[in-house]
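Subject: Structure handover

Hello,

Here is the structure we talked about. Please open it and keep it beside you as you read the notes below.

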Amino acid sequence: MSPKSRLYTLVKAWKNKPFQEVRDACGQPWLGLSSKALKEHQSWSQRQAISNEPIFNTQGTKLTSSLFRPLLTSTDTQLLRLFMEGLDTITYWYRSGRFIPGILPLSVEHLASSNCIDALSDLILNSRLPVGLVSLGVHKLNGADSIDSCMEGLLRMRRLGVSIHLLDFSGARSQIHWIEAIEPEGIHLEIGQFRAHGLPIEMISLSQQFQTQIYAGNVTLLKDLENAIALGAQHSYGGLMMPPVSRHQMLHIGDSRIAKAIFSLHPHKTLNGDK
């Protein structure tokens, strides 16, 4: 049989093959996709979710880390899946040649559960990520009871080389006691709340006492950025810096472009001291 006739036979056999279609969970047809290809497509689509909020140094010249936002509103049934997704995102950046630390939020309630800590520890160990790339962002911290309940879980995380951050710092006395007990690596505050009432001077003394990094969140106005600089915050994030992006977009954030965009928005001193 000549090559030409063999090709004709193959095309004819493909044409006469019974048609099959694969549907997704909603019943919509995915024409021409095998079940394996369909799963890969859905997985790829999930990984493009706008879930990662870039964090920069306050001068806007360097991307310093990322906040994985889906965990802020996760339910009990979603927690492990979303935590795994957050670890997978950090691994994706690391294997792509970018050393981008990820902050994975967890509520005090989850940190107080020994079963939850066991599962999270297994996920962190199995990720085989270098020390310094995974941080926990503690939120919903209210009262002395919640402080005591999560202490053991935080210590176990620390032994794995995980950094601890306090999210949504409000200056409450219970939170300050928690900071004194844990000495977290980062304290996050919503900088917009100080537009009218001035800056919390105690934050400066806290950061100096414990060598804690201050993160100014929700930076949406130039006044917020000015307050973050006046407060001595080392990191800033919010709409003015950059809105949340997908994990793939994070790889292509150019630090120099960010700096140019930020500093073009407000006056700054040149080398000769002129405005």
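Start at Asp 168. Asp 168 is exposed, at 52% relative accessible area. Exposed means over 50% relative accessible area, buried means under 20%, and partly exposed is in between, with a 1.4 Å probe and protein chains only. Asp 168 sits in the loop between strand S7 (163-166) and helix H7 (173-182). Its phi is positive, about 60°, although Asp 168 is not a glycine.

Before going on, some ground rules. This is a predicted model, where local features need pLDDT of at least 70 and side-chain atom pairs count only at pLDDT 80 or more, while totals for chains, interfaces and linings use all residues. Residues are numbered from 1 along each chain as its sequence is written, and side-chain values use heavy atoms, with hydrogens and water left out.

Asn 218 also has a positive phi, near 60°, and is a residue other than glycine. Asn 218 lies in the loop between strand S9 (213-217) and helix H9 (222-231). Its relative accessible area is 36%, so Asn 218 counts as partly exposed.

The whole chain

The protein chain has eleven helices and ten strands. Helices (H or I, at least four residues) and strands (E, at least two) are DSSP runs, numbered from the N terminus. Of the 275 residues in the protein chain, 42% are buried. Take the contacts between residues at least 6 apart in sequence: 66% of them join residues at least 24 apart. A contact means heavy atoms within 4.5 Å.

Why is S5 (residues 102-107) largely enclosed by the rest of the structure? Six of its six residues are buried, so the strand is largely enclosed. In a regular strand the side chains alternate between the two faces of the sheet. Both faces of S5 are covered. On one side Gly 102, Leu 104 and Leu 106 are buried, and on the other Ile 103, Pro 105 and Ser 107 are buried.

Which strands pair with S5? One is S4 (residues 63-68), which runs parallel to S5 and is joined to it by two bridges. Two strands pair if DSSP finds at least two bridges between them. Ser 66 stands opposite Gly 102, and Leu 67 stands opposite Ile 103. Another partner is S6 (residues 134-139), parallel to S5 over six bridges. There, Ile 103 has Ser 135 as its bridge partner.

Ser 135 belongs to S6. It is buried, with a relative accessible area of 5%. Leaving out residues up to four places away in sequence, Ser 135 touches Gly 102, Ile 103, Leu 104, Val 162, Ser 163 and His 165.

Now back to S4. Six of its six residues are buried, and the strand is mostly covered. Five bridges join S4 to S3 (residues 52-57), and these two strands run antiparallel. Asn 52 stands opposite Phe 68 in this pair. The hairpin of S3 and S4 has five residues between the strands, and Gly 60 takes a positive phi near 75° in it.

S4, helix H3 (residues 79-95) and S5 also make a right-handed β-α-β unit. Right-handed means that, with the strands pointing away from the viewer, the path from the first strand over the helix to the second runs clockwise.

The cavity

How many cavities of 30 Å³ or more does the structure hold? There is one. A cavity is a set of points, on a 1 Å grid over the protein atoms alone, where a 1.4 Å probe fits but cannot get out; lining residues have an atom within 4 Å of a point. The largest cavity holds about 40 Å³ of space. That volume is the space filled by probe spheres set on the points, with grid points joined across faces, edges and corners.

The elements that give two or more residues to its lining are S4, H3 and S5. H3 gives the most, with four residues. The lining includes Asn 52, Ser 66, Trp 93, Gly 102 and Leu 104.

One last residue

Gln 209 is in helix H8 (residues 201-210). At 54% relative accessibility, Gln 209 counts as exposed. Gln 209 and Glu 180 are 29 residues apart in sequence, and their C-alpha atoms are 9.3 Å apart in space.

Best wishes

Note on methods
1 Å grid on protein atoms, 1.4 Å probe; cavity = no way out; pocket = protein on both sides within 12 Å on 5 of 7 lines; lining within 4 Å.
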